[in-house]
Amino acid sequence: MTRKERLVLGLIPIGSKQAIHKRRLAELTGLSEREAREIIYHLVVEHGLPIGSSTEPGAGGYFIITSAEDMEIATRHLKPRAAKIFKRARALEKLAQQMFNRQLKLVLEE
C-alpha cells in the first residue's frame with residue numbers, strides 16, 4: 001500500500017454515521033478530491049477494503065463498512081447510477097450507428 005493510500009485510509013471513519021465528505025478528506029490530505037476518490041476506488045477494488053460511500057444530503061461521504069446496514073447504504077446509490085451510465089452508453093452506440101454507419105461497442109462487458 002502506498003503512503004497516500006495509507007494516509008487516506010487512516011482518515012476514513014468507521015460506520016456510515018461518521019462518514020467523511022470528499023472535500024474534507026481532500027483538505028486533510030492535501031490531495032485533490034479527484035485523487036482522493038481514485039485512491040478510495042483503488043483501496044476497494046485492488047486491496048479489497050470495505051470502504052463505502054453515501055450521497056445522503058448533509059451526511060454523505062466515505063466510511064468503513066461494518067454492518068449490513070452500512071453495506072446497503074454504500075450500494076444503494078451505485079446501482080441506479082450504473083444503470084444511467086449504461087443507458088447513456090447504449091444511446092451513444094445507437095447514435096454512432098446512425099451518424100457514422102458503423103457499429104461501435106462502447107459498453108464494456110466483463
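## Helix packing, a pocket and a salt bridge

Helices α1 and α3 are roughly perpendicular to each other, because angles from 65 to 115 degrees count as such and their packing angle is about 90°. Do keep in mind that this is a predicted model.

**Where α1 meets α3**

- The axes of α1, which covers residues 3–11, and α3 lie 10 Å apart.
- On the α1 side, the residues in contact are K4, E5, V8 and L9.
- Their partners in α3 are E35, I39, I40, H42 and L43.
- Sorted by class, the residues of this contact are 5 nonpolar, 1 polar and 3 charged.

**Where α4 meets α5**

- Here the helix axes cross at roughly 20° and come within 5 Å of each other.
- Angles under 35 degrees count as roughly parallel, so α4 and α5 belong in that group.
- From α4, the contact takes in A74, T75 and R76, while α5 brings L78, K79 and P80.
- This contact holds 3 nonpolar, 1 polar and 2 charged residues.

**The largest pocket**

- If you are looking for open space, the largest pocket has a volume of about 720 Å³.
- Its lining is made up of 24 residues, and those nearest the centre are S53, Y62, H77, L78 and R81.
- Two or more lining residues come from each of α3 (33–45), β1 (51–54), β2 (61–64), α4 (68–76) and α5 (78–100).
- Helix α3 supplies the largest share of the lining, with 5 residues.
- The lining of this pocket comprises 12 nonpolar, 9 polar and 3 charged residues.

**Salt bridges**

- Across the whole structure, a search finds 6 salt bridges.
- One of them joins the side chains of E69 and K17, with an N to O distance of 3.7 Å.

Technical notes: Residues are numbered from 1 along each chain as its sequence is written. This is a predicted model: local features need pLDDT of at least 70, side-chain atom pairs count only at pLDDT 80 or more; totals for chains, interfaces and linings use all residues. Side-chain values use heavy atoms; hydrogens and water are left out. On a 1 Å grid over the protein atoms alone, a cavity is a set of points where a 1.4 Å probe fits but cannot get out, and a pocket is an open set with protein on both sides within 12 Å along at least five of seven lines; lining residues have an atom within 4 Å of a point. Grid points are joined across faces, edges and corners, and a volume is the space filled by probe spheres set on the points. Helices (H or I, at least four residues) and strands (E, at least two) are DSSP runs, numbered from the N terminus. Ala, Val, Leu, Ile, Met, Phe, Trp, Tyr, Cys and Pro count as nonpolar, Asp, Glu, Lys and Arg as charged, and the others, Gly among them, as polar. Axes are lines fitted to C-alpha atoms, for helices over the stretch in contact, and angles run from 0 to 180 degrees between N-to-C directions. Angles under 35 degrees count as roughly parallel, over 145 as roughly antiparallel, 65 to 115 as roughly perpendicular and the rest as oblique. Contact means heavy atoms within 4.5 Å. A salt bridge is a side-chain nitrogen of Lys or Arg within 4 Å of a carboxyl oxygen of Asp or Glu.
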